[in-house]
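Dear colleague,

I am handing over the structure we spoke about, and I would be grateful if you could look through it alongside the notes that follow.

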Amino acid sequence: MISLAAESGFLIYVLFMLAGLGALAVRDAWRAHAHGWQLSEERVVHCEDCPCTYLVRRGVKVVRCPRCNALHSRRRRWS
Ligand SMILES: [Zn+2]
């Protein structure tokens, strides 16, 4: 049987706990990097003249429908 002093056993226990916490921190950092928040930079526009729906970048104020070529401005609510 392996004889172990109380101080050595406690030290090994603390080292295993720190290694486990370190592994959880690395896993959490990896998950946050892989599945982080991303803001949408596009808006959905529904054309009023035809049934076309398309995406427009957020900063664009005037856009033409790619199907019927009608102008749509941002003054009206897009979606
Ligand atoms: Zn259209």
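**What was found**

Reading from the N terminus, the elements of the protein follow the order α-β-β-β-β, in what is a predicted model. The radius of gyration of the protein is 29 Å, well over the 12 Å that the globule rule gives for 79 residues, and the protein is therefore more spread out than a compact globule. Taken along the principal axes, the box that the C-alpha atoms fill is roughly 85 × 20 × 15 Å. Buried residues account for 1% of the 79 residues, and, of the contacts between residues at least 6 apart in sequence, 17% join residues at least 24 apart.

As for the division of the chain, the protein splits into domain 1, which covers residues 1-38, and domain 2, which covers residues 42-73. The centres of domain 1 and domain 2, taken over C-alpha atoms, are separated by 53 Å.

Turning to the strands, strand 1 (residues 42-46) and strand 2 (residues 53-57) run antiparallel and are joined by five bridges. These two, strand 1 and strand 2, form a hairpin, with six residues lying between them.

Note on methods
Residues numbered from 1 in each chain as written. Predicted model: local features only at pLDDT ≥ 70, side-chain atom pairs only at ≥ 80, totals over all residues. Helix = DSSP H or I, 4+ residues; strand = E, 2+ residues; numbered from the N terminus. Rg over C-alpha atoms; globule rule 2.2 N^0.38 Å. Buried ≥ 20, exposed ≤ 12 C-beta atoms within 10 Å, placed from the backbone. Contact = placed C-beta atoms within 7 Å. Domains from an automatic or database assignment. Pairing = 2+ DSSP bridges.
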